[in-house]
Amino acid sequence: MDGRHEQDSATADGRTSASFLIDEALMFYYPAALRAIAATGVADHLADGPRTVEDLARRTDVNAQSLYRALRVSATRGIFEELDDGRFRLTPAGDALRTDAPLSARSAVLMLTDQSMWRPAGEMERCLQGGGSAFDDIFGMPFFDYFAQDQATAAIFHHGMAAMSAQENAPIAAACEFPDSGVVVDVGGGQGGLLLSVLGRRDGLRGVLFDAEHVLRHHVLDVAETGGRWELAVGDFFTEVPKGDVYLLKRILHDWEDDQCVTILRNCRTAMRPGGRILVIDAVVPPGDAPHQAKLVDLLLMASLVGRERTAQEFSQLFEAADLRLSRVIPTGTVLSIVEATPKDPNG
């Protein structure tokens, strides 16, 4: 190949790379359109079949031309489909955008695209330069302090987390191994969706839902499946946790730095009855370059909080520091795994 051909090849490669990177940089407009459509409740009006953009705009009180443009780009992601007659229909992939869908993801979409997530992501260079969260600089306080003083944002967060959890809880509860009797403590368990699934599968278990008071007000445990085998406990897992036999820590450790995680684990270890276990339910980052949701959530945690997603080896190191050992990692069929910790001294 002569010099001219080499130059042409390099130019073509450069053009391909530039085009690819520009497309990548535009990708954030997909979730922006998704948020706009979720916030205005468009999907709720497509439950019974396709509608024109004009009809949807009238029902949701938005501008028809702008709605069309947002729907058109969302259709390229398979969430909607534009029919030959100009109407749009909701696809099976987009069905969970409906508020009344059996496992609605609408609240999760609104949470993940809320300004508390969106703005720090847009200023991620702060994290690279300073090594900490971008959230504190933008909002003037740490993530959870901000939520504690802003009830509207806190509601978005807790409802969004419940929506994310709803489609995971049943398979996670099925993958966990529980004793026939004893006390399961759901540490930082939010509204109690996972504990509800656990108690529904084991009639001999009792449950404790442990979280902040403002979170527990919205619990979902008072239903027939639990048979009254539960109680609420208000507290701070950095101080102490209730006594129990099995501890659930679902999407808790990934919010915090290593030393804070060790404190939480030690508190569980101290309160644990003999023979007890801790079930850390988090994503486990796989090796290699393959895409995985954990790698994206890890950036969310870097930008807005102080924690991170971890590998199995990193979990093992946390457990070691808390006088625990990693006994096994159990897949659940979701993006989360059960990382089981037991005391180094099983009689302690």
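This is a predicted model: local features need pLDDT of at least 70, side-chain atom pairs count only at pLDDT 80 or more; totals for chains, interfaces and linings use all residues.
Local features need pLDDT of at least 70 and side-chain atom pairs count only at pLDDT 80 or more, while totals for chains, interfaces and linings use all residues. Residues are numbered from 1 along each chain as its sequence is written, and side-chain values use heavy atoms, with hydrogens and water left out.

Visitor: Is leucine 26 buried, partly exposed or exposed?

Guide: Leucine 26 sits in the loop between helix 1 (3–25) and helix 2 (29–39); helices (H or I, at least four residues) and strands (E, at least two) are DSSP runs, numbered from the N terminus. Buried means under 20% relative accessible area, exposed over 50%, and partly exposed in between (1.4 Å probe, protein chains only). Leucine 26 has 46% relative accessibility, so it counts as partly exposed.

Visitor: Which side of helix 2 do its buried residues take, the same or opposite?

Guide: The buried residues of helix 2 are Ala33, Ile37 and Ala38. They cover an arc (that of the directions from the helix axis to the C-beta atoms) of only 135° around the axis, so they lie on the same side.

Visitor: Which elements do the buried residues of helix 2 pack against?

Guide: Contact here means heavy atoms within 4.5 Å. The buried residues of helix 2 pack against helix 4 (64–75), strand 1 (80–82) and helix 5 (106–112).

Visitor: What is the relative accessibility of alanine 57?

Guide: Alanine 57 belongs to helix 3 (residues 53–60). Leaving out residues up to four places away in sequence, alanine 57 touches Val62, Asn63, Ala64 and Leu67. Alanine 57 counts as buried, because its relative accessibility is 4%.

Visitor: How far apart are the C-alpha atoms of alanine 57 and valine 42?

Guide: Along the chain, alanine 57 and valine 42 are 15 residues apart.

Visitor: How many disulfides does a search of the whole structure find?

Guide: A disulfide is a pair of cysteine sulfur atoms within 2.5 Å. For cysteine 127, the closest cysteine sulfur is in cysteine 261, 18 Å away, too far for a bond. For cysteine 261, the closest cysteine sulfur is in cysteine 268, 11 Å away, again too far. The number of disulfides found in the whole structure is 0.

Visitor: Is cysteine 261 buried or exposed?

Guide: The relative accessibility of cysteine 261 is 0%. Cysteine 261 therefore counts as buried.
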